Amino acid sequence: MTLQDTLTQDERLAELDLDTLRRLVGLVEHDPDTDPFPVTGWDAVVWAVGNATQSAHFFRSAYGMELEAYSGPETGNRDHVAFVLRSGAVRFVITGAVHAESPVAAHHARHGDGIVDIALEVPDVDRCVAHARTQGATVLDEPHDVSDEHGTVRVSAIATYGETRHTLVDRSRYSGPYLPGYVARTSSYERRPGAPRRVFEALDHVVGNVELGRMDEWVDFYRRVMGFTNMAEFIGDDIATDYSALMSKVVANGNHRVKFPLNEPAAGRKRSQIDEYLDFYGGPGAQHLALATSDILASVDALRAEGIEFLMTPDSYYEDPELRERIGEVRVPIEELQSRGILVDRDEDGYLLQIFTKPVGDRPTVFFELIERHGSLGFGKGNFKALFQAIEREQERRGNF
Ligand SMILES: [Fe+2]
């Protein structure tokens with residue numbers, strides 16, 4: 001298999017190479033022929049929001065994404081508007097209802113701004129769906145072709161946790177801007193002078209919050225139905241503060257482009273951040289998206305300059321001699337991390353830098369993580385306690401703790 005074959009079309013467009021992807025998202029070699037449900041990578045993260053016009057502007061102006069395509073009443077879509085945005089290899093589709101009867105309006109009423117679809121690129125839609133069906137998956141949309149003057153896309157969708165779905169997309173015979181029904185569109189918005197070329201380059205992982213006691217069921221779903229494997233496991237004390245706890249397990253596809261940590265609440269003295277999410281989202285759903293960057297300092301500075309707020313990290317985190325010892329040498333002085341609130345974690349393979357935003361919408365539900373990996377394939381296990389204490393301080397301020 002040549003290097004060209006291993007990269008997705010989106011990664012080639014984003015001028016990412018294999019070495020960069022290995023470092024950015026921990027990409028590994030994988031033989032799709034032996035995989036019952038081969039997944040090439042992410043296709044799109046589809047959002048349902050209350051005002052897609054304004055959210056799309058926010059993702060352009062604050063997160064530096066670029067508008068690529070559009071669907072709406074002007075293109076014959078009488079149900080909703082949809083803006084397709086890109087940063088590096090990451091595609092967001094922001095949808096908003098144009099009338100009260102739209103399913104997008106109903107989804108938004110139930111969940112607030114959230115993620116309806118974590119779409120995945122697969123080489124063989126029919127093979128994946130046939131396997132998923134034998135394993136008892138709910139097929140929401142049978143495999144079918146959609147075509148326009150740019151070619152044909154084969155798609156299908158299966159259900160996952162809550163009201164979230166995975167659309168499976170084979171776009172190997174398609175050259176259009178996104179999907180049939182969309183038209184290419186750019187925006188007159190111009191990046192500010194000095195802003196980085198892009199704030200993030202790839203999607204590292206998407207975390208799902210599921211109901212109490214159902215995490216193992218969903219881990220099993222991804223293993224059985226989609227051929228994913230367990231990557232890491234954090235239970236109990238690893239992610240417990242004095243007051244609340246959660247359990248988390250991580251599954252990944254064969255090449256590790258797609259990684260799904262799955263959280264469930266665990267009993268604690270107070271309600272955990274997962275309980276708060278489940279209450280306000282109205283059930284299970286996608287909790288955070290980890291955006292991979294090769295310069296987290298520049299990314300954080302660019303986001304802060306646009307008014308994006310991050311979770312505070314206490315100074316004690318950086319001054320703790322035990323933590324300094326554990327972290328060792330990282331690429332920048334620790335003061336540079338401290339002034340921005342960036343967290344560090346190290347394991348046997350290397351280290352990672354990460355930071356978490358406040359929720360992106362009105363409800364205390366979906367948020368972003370920025371992650372810069374240097375060899376570590378972990379998820380910041382060592383930071384969980386420091387991080388969750390910071391989250392709980394926010395939860396307390398909202399009166400939900
Ligand atoms: Fe994460």
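The following questions and answers concern how terms are applied to this predicted model.

Residues are numbered from 1 along each chain as its sequence is written. Because the model is predicted, local features need pLDDT of at least 70 and side-chain atom pairs count only at pLDDT 80 or more, while totals for chains, interfaces and linings use all residues.

Q: What makes Val225 count as buried?
A: A residue is buried if 20 or more other C-beta atoms, placed from the backbone, lie within 10 Å of its own, exposed if 12 or fewer, and partly exposed in between. Val225 has 22 C-beta neighbours inside 10 Å, and therefore counts as buried. Of the 401 residues of the chain, 50% count as buried.

Q: Where is Val225 found, and which residues does Val225 touch?
A: Val225 is in the loop between α7 (215-224) and β11 (229-234); helices (H or I, at least four residues) and strands (E, at least two) are DSSP runs, numbered from the N terminus. Two residues are in contact if their C-beta atoms, placed from the backbone, lie within 7 Å. Leaving aside residues up to four places away in sequence, Val225 touches Ala132, Gln135 and Ala137.

Q: Why is strand β8 described as largely enclosed?
A: Six of the six residues of β8 (residues 165-170) are buried, so the rest of the structure largely encloses this strand. In a regular strand the side chains alternate between the two faces of the sheet. Both faces of β8 are covered: Arg165, Thr167 and Val169 are buried on one side, and His166, Leu168 and Asp170 on the other.

Q: How do you know that β8 pairs with β5 and with β7?
A: Two strands pair if DSSP finds at least two bridges between them. Three bridges join β5 (residues 114-121) to β8 in the parallel sense, with Asp117 opposite Arg165. Strand β7 (residues 151-159) and β8 have six bridges and are antiparallel; here Val155 stands opposite Val169. The hairpin of β7 and β8 has five residues between the strands, and Gly162 in this hairpin takes a positive phi near 60°.

Q: What makes β6 and β9 the edge strands?
A: The open sheet of nine strands has mixed pairing and the order β6-β7-β8-β5-β1-β4-β3-β2-β9. Strands β6 (139-148) and β9 (183-184) each pair on one side only, and are the edge strands. Within this sheet, four bridges join β1 to β4 (residues 90-97), which run parallel, and the bridge partner of Trp47 in β4 is Ile94.

Q: How do you know that the buried residues of helix α4 line one face?
A: In α4 (residues 52-61) the buried residues are Ala52, Ser55, Ala56 and Phe59. They fall within an arc of 100° seen down the helix axis, so they line one face of α4; the arc is that of the directions from the helix axis to the C-beta atoms. An α-helix has 3.6 residues a turn, so residues three or four places apart point the same way. The buried residues of α4 pack against β2 (66-71), β3 (80-87) and β4, whereas Thr53 and Gln54 are exposed on the other side of the helix.

Q: What puts the buried residues of α6 on the same side?
A: Val125, Cys128, Val129 and Ala132 are the buried residues of α6 (residues 125-134). They cover an arc of only 95° around the axis, so they lie on the same side of α6. These buried residues pack against β6, β7 and β8. Just after α6, Gly136 takes a positive phi of about 85°.

Q: Which residues does the domain assignment give to each domain, and how many residues are in contact between domain 1 and domain 2?
A: Domain bounds come from an automatic or database domain assignment, which gives domain 1 (3-184) and domain 2 (202-398). In domain 1, 38 residues are in contact with 39 residues of domain 2. The side of domain 1 that touches domain 2 receives at least two residues from each of α3 (18-25), β1 (41-48), α5 (103-111) and β5. The centres of the two domains, taken over C-alpha atoms, are separated by 23 Å.

Q: Why does the radius of gyration of the chain agree with that of a compact globule?
A: The radius of gyration is taken over C-alpha atoms, and the globule rule is 2.2 Å times the number of residues to the power 0.38. For 401 residues a compact globule would have a value near 21 Å; the chain has 20 Å, and therefore agrees.
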